[in-house]
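Q: Can you walk me through this structure before I set anything up? I'd like to go through it piece by piece.

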Amino acid sequence: MTQNFSIDKSMDILVPLAKKECIETPWDRYEKMQPQCGFGELGVCCRICWKGPCRIDPFGKGADRGICGATAEVIVARNLIRMQAAGAASHSEHGRHIALAMEHLSKHGLEAYSIKDETKLMAVASTLGVETEGRSTQEIAHDVAQTSLNDYMNQDNSKGCSWFTKTLPAKRVQKLKELGVMPHNIDATISNIMARSHVGCDSDHVNLLLGGIRGALADYTGMVLATELSDIMFGTPQPVITKANLGVLKENAVNIALHGHNPLLSEVVCDMAIKLNEEAIAAGATEGINVVGVCCTGNEVMLRRGIPLATNYLSQDIAIMTGAIDSMVVDVQCIMPSIASVGACFHTEIITTMPDNKITGTRHIEFSEEEALEKATEIVRLSIEAYKRRDPERVNIPQVKETAIVGFSKEAIVSALAAVNPEEPLKPLIDAIVSGDIKGVALFAGCNNVRVKQDNAYMTVVKELLAQNVLVLATGCGAGAFAKNGMMTQEASKEFCGESLLKILTLVGEAAGLEGPLPPVLHMGSCVDNSRAALVASALAEALDVDLSDLPIVASAPELMSEKAVAIGSWAVALGFPTHVGVMPQITGAPGVVKVLTEDAKELFGGYFIPEEAPVEAANKLYQAILEKRQRLGI
Ligand code: MSK
C-alpha cells in the first residue's frame, strides 16, 4: 500500500507498522482531510477581514466579487504575496539570527562559536566592500555582520540591499531596479507586502504581484546572507562521503536526530555529542552517540560534518516509529507538530529550543548563543537518559541506506573545476555548456508534499534531465530525496547520465581526485542554500558577460509545499530562470494572475513559472526551456 504514497523503501516497513499500532501518518491525515476545499485550492477564498470569509464562484454563477468588491484576481494575488512574505520572513529571520550571533561573537566573544573559515570571511568582506587591510579577524567579522544587519535597516529605497546588489550580476540588478522590485530593506519589504494587502489597499493584481516579487528578492537577500555567514562561522562545505536514509540509525547507540534549519543550534549539539560520547557508552550504548539529521538541519550538518541524513520532510514523524530515536531536537521551520504525538507513543524526547517555536506536549530547553554549551550538554544528557528508557522490543530500523557524496558549495565546485583549469576555473564548465556536452543546468529545490508520491517526482524528472545531459544541482528536501534514493553516488552517474555529461563529470571528478565521476546530483545544502546556486549562476553570467536570464538554467520544485518554497521559486523566476512547480499552485481561480506568472513574467524577467504535475512532461518542458535559452544565446 505504501507504494501509493512513497518510493522510499523505509516507508514500506514503517507505514504498515504505524497502521498496526494505530499511529497516524501524514497520509492518514491527508485522507481524513478529503475532500479539500475547492475554493482554497483555487486561491479564491479571502479571509483578510471579518466581513468575510468571502469566496468567488469559479463557475461564474454566484459571487464574482468579495463584499468589499475585491475580484478573484485581487484575492488570489493578495493571498499569494502573503505567502511570499512569510517565506521571506522565515529565511531572513534565520539570516538575522546568524548575523546577530556573528556580531556578538566579534564584539564580546561567544564560547561555543568561532570564525571557522577566515578565507571565506575575507572573500565575503571583499564582496561587501568591507576594509580588510591591517584589520583583525574580529574587526572584519564585526563589519561584515553590521553590513548584513544594515540590509534589515536601510531606509533609503534608492539603495538596494548590499547582499542583493553585490552578489548578483550588475545587469540583473539594473533590470530589477528599473522594474521597481529591488529590495532596499528586508524587513520593510515584508512589512510592505502585509500593508499593501490589507483590506482596502492595493487592488491591482499586477501591482500586487510585483510587490510579491520584491518580497521574493528580499527572501533571496536573507538567504544569501544566512548561507554565507554560516560558512564563515561553521565552515564552507567541501565534498564528503556519507550515508542517507533510516538505516543510518544504530541499534546500539544513543540516536539524536537534529531537525529544523539553523546551524547555530545543531553545530553545538554535534560538538557536545562528541564530548559526551563516553557517557553514552557508560549508559550501555556500546556504539556511543550517533547524531543524524532530518530535513534541512540534516543537510547543514551533512555537508559540513558528513553526518548522515535520516530522512526528509514528509517522513519526519514516521522516523520516530523506528523506536530507535532517543531525542529529536528541533529549532525552526518545517517541523510537523505531529512529532509530539508520535514521540509520546515511544520513549523519544522531543525537544524544542527556540522561544518562538514551541510545540504543545514537548519538552522545551531554551537555547541561546550565550548559553549554547550548557544547553547542548543538557540536550545530549537528556538523550542519554531517554536511551536508557528505550524498549528494545519496539526497535525497527529499516536496513535501508545509500551512500551519498555531498558538499558541493560554490567554492567546492570552483575548486573541482580548478583542478582541470587552474587559470580559469569556470572555463571547463563554460566550454562544456557552449559545446553542448552539458546542455544546461537544473536546480532542484523544495520539499515533499502528500499530494505527490514522496520522492517520486524528483527521481522521475531528474532521470529524464540527466539522460539529456543536463547538469543537476540540488538543495533542501529535494536533495534529501536524491540522497536517500541513491542519486549521489558515482555509480548513479554511470547509470543515469547521458554520454557527454558523464564525460564531463568524469573529467572533473578525476581531476579532483575522485577516481571516477562526480555524482550526478550535486548536493549544495539546505533550502536556505539555494543562494549557492544563484552565486554559481552569477559567476557564469559575469564570466560570459551576459544576464542571468540568458543562461540555459532552469529550476524545478516537483514536490514543494512551504511558503519558503513559493518565495524561492518566485526569486528564481525574477532572476530569469524558467521554474517548474509540480504541485498546482493555489492561484488557478484567477486567470489574470496565472497569465502574469506563466507568460508575462517571461517578457519582464526572462523567467516564468511552469506548473506541471506530470513528472515526465515537466522534464520535457524544462528541457525545451533550456533549448530555447541555448538558441537565443546562439549555442
Ligand atoms: S526543510 S522548506 S520542507 S525543503 Fe528546508 Fe524541506 Fe521544504 Fe522545509
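Q: How many residues of domain 1 and of domain 4 are in contact with each other?
A: In this model, which is a predicted one, 10 residues of domain 1 touch eight residues of domain 4.

Q: What about the protein chain overall, what does its secondary structure come to?
A: The protein chain has 25 helices and 16 strands. Its radius of gyration is 24 Å, close to the 26 Å that the globule rule gives for 635 residues, so the chain is as compact as a globular protein of that length.

Q: What box do the C-alpha atoms fill?
A: Taken along the principal axes, the C-alpha atoms of the protein chain occupy a box of roughly 65 × 65 × 55 Å.

Q: OK, switching to the ligand: which residues come nearest?
A: There are 13 residues around the ligand, and those that come nearest are His-261, Cys-296, Cys-334, Cys-477 and Cys-527.

Q: Which domains does that shell draw on?
A: Domain 3 and domain 4 each contribute at least three residues to the shell around the ligand. As for helices, at least two shell residues come from helix 13 (295–305), and at least two from helix 19 (476–484).

Q: How many of the shell residues are nonpolar, polar or charged?
A: Sorted by class, the shell around the ligand consists of eight nonpolar, four polar and one charged residues.

Q: Now helix packing. How do the axes of helix 10 and helix 23 cross?
A: The axis of helix 10 (residues 205–234) comes within 8 Å of the axis of helix 23, and the two cross at roughly 100 degrees. An angle from 65 to 115 degrees counts as roughly perpendicular, which means that helix 10 is roughly perpendicular to helix 23.

Q: Which residues meet there, between helix 10 and helix 23?
A: On the helix 10 side they are Ile-213, Ala-216, Leu-217, Asp-219, Tyr-220 and Met-223, and they meet Ala-567, Ile-568, Ser-570, Trp-571, Ala-574 and Leu-575 in helix 23. By class, this contact of helix 10 with helix 23 has 10 nonpolar, one polar and one charged residues.

Q: And helix 22 against helix 23, are they roughly parallel or antiparallel?
A: The axes of helix 22 (residues 530–544) and helix 23 (residues 563–575) come within 11 Å and cross at roughly 5 degrees, and helix 22 and helix 23 are therefore roughly parallel to each other.

Q: Which residues of helix 22 and helix 23 meet?
A: Helix 22 brings Asn-530, Ser-531 and Ala-534 against Ile-568, Trp-571 and Leu-575 of helix 23. The contact of helix 22 with helix 23 comprises four nonpolar, two polar and no charged residues.

Q: Backbone next: where is the peptide bond to Pro-35 cis, and what is omega?
A: The cis bond joins Gln-34 and Pro-35, with omega about -5 degrees, and Pro-35 sits in the loop between helix 2 (26–32) and helix 3 (38–42). The bond from Gly-52 to Pro-53 is also cis, with omega near 5 degrees, and Pro-53 lies in the loop between strand 1 (45–46) and strand 2 (54–55).

Q: What phi does Asn-469 have?
A: Although Asn-469 is not a glycine, its phi is positive, at about 65 degrees, and Asn-469 is located in the loop between helix 18 (456–467) and strand 12 (470–475).

Definitions and conventions
Residues are numbered from 1 along each chain as its sequence is written. This is a predicted model: local features need pLDDT of at least 70, side-chain atom pairs count only at pLDDT 80 or more; totals for chains, interfaces and linings use all residues. Side-chain values use heavy atoms; hydrogens and water are left out. A residue is near a molecule or strand if one of its heavy atoms lies within 4 Å of it. Helices (H or I, at least four residues) and strands (E, at least two) are DSSP runs, numbered from the N terminus. Ala, Val, Leu, Ile, Met, Phe, Trp, Tyr, Cys and Pro count as nonpolar, Asp, Glu, Lys and Arg as charged, and the others, Gly among them, as polar. Domain bounds come from an automatic or database domain assignment. Axes are lines fitted to C-alpha atoms, for helices over the stretch in contact, and angles run from 0 to 180 degrees between N-to-C directions. Angles under 35 degrees count as roughly parallel, over 145 as roughly antiparallel, 65 to 115 as roughly perpendicular and the rest as oblique. Contact means heavy atoms within 4.5 Å. The radius of gyration is taken over C-alpha atoms; the globule rule is 2.2 Å times the number of residues to the power 0.38.
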